[in-house]
Structures are given as C-alpha cells and as structure tokens.
Amino acid sequence: MIYIGSTFNSIVRINQHLVLNSFSNASLQSDITKYGLEYFNLYVFEEVDVPAHLPYNKKADHLHKVEQTYINKFSKTNLYNVINSSKS
C-alpha cells in the first residue's frame with residue numbers, strides 16, 4: 001500500500017503521521033500500529049519549487065496538483081489515500 005501526500009514542511013508532516021497521530025490517515029496509522037514502523041518506507045517522489053511570490057493558498061494548490069499526478073498513477077486499491085484526491 002502507498003500513501004501519497006504533499007507538504008511544505010516534511011519534518012512536521014512526518015511527525016504528525018508518526019508521532020502525534022494527528023492529521024493522519026486512520027488506515028495508515030492502523031497498519032503502522034499493527035505491523036510496526038520498521039515495515040514502512042518513506043520516499044520523496046519529487047521536490048517541488050513553488051513560486052515564493054504566490055499567496056499560501058495558491059502555493060497549496062500548486063502542491064496539490066503535483067500530488068494529484070502521483071495519486072493518478074496508482075490504482076486506488078493500492079493507496080492509503082481514502083479519497084482518490086489530493087484535497088483529502
């Protein structure tokens with residue numbers, strides 16, 4: 001299974017998923033608890049240069065578009081992403 005996400009700050013986002021268990025995907029969290037973190041890998045598919053002049057919401061939209069291209073490459077049965085959209 002694969003979870004695809006985007007973030008402006010990967011350290012904070014990983015911490016939210018793995019340590020704080022907040023803003024996380026329940027199915028992913030359940031499997032981490034069940035199998036242990038050592039059975040999971042983290043890959044960065046792409047580092048995206050977001051234009052600095054854009055307001056925050058436009059930067060987020062830019063990241064979501066890139067994230068969506070990766071979500072679209074996988075069958076939804078292979079994704080932890082509950083909704084087959086980067087906005088979820």
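A polar contact is a pair of N or O atoms within 3.5 Å; within protein, one must be able to donate a hydrogen and the other to accept it, and residues adjacent in sequence count only if both atoms are side-chain atoms. The model is predicted, so local features need pLDDT of at least 70 and side-chain atom pairs pLDDT 80 or more, while totals for chains, interfaces and linings use all residues. Residues are numbered from 1 along each chain as its sequence is written, and side-chain values use heavy atoms, without hydrogens and water.

**Exercise 1.** Find the side chain that joins aspartate 31 in a polar contact.

*Solution.* Start in helix H2 (residues 26-35), where aspartate 31 lies; helices are DSSP runs of H or I, at least four residues, numbered from the N terminus. Next, look across to tyrosine 80: its side chain and that of aspartate 31 make a polar contact of 2.7 Å. Finally, beyond neighbours within four places in sequence, aspartate 31 is in contact (heavy atoms within 4.5 Å) with Gly36, Phe40 and Tyr80.

**Exercise 2.** Classify the ring pair of phenylalanine 45 and phenylalanine 74.

*Solution.* Recall the rule: rings of Phe, Tyr and Trp (its six-membered ring) pair if their centres lie within 6.5 Å, with planes under 30 degrees apart stacked, over 60 edge-to-face and the rest tilted. Here the centres are 6.5 Å apart and the planes at 20°, a stacked pair. Now place the residues: phenylalanine 45 is in the loop between H2 and H3 and phenylalanine 74 in the segment after H3, so the pair ties together parts 29 residues apart in sequence.

Technical notes:
Helix = DSSP H or I, 4+ residues; strand = E, 2+ residues; numbered from the N terminus.
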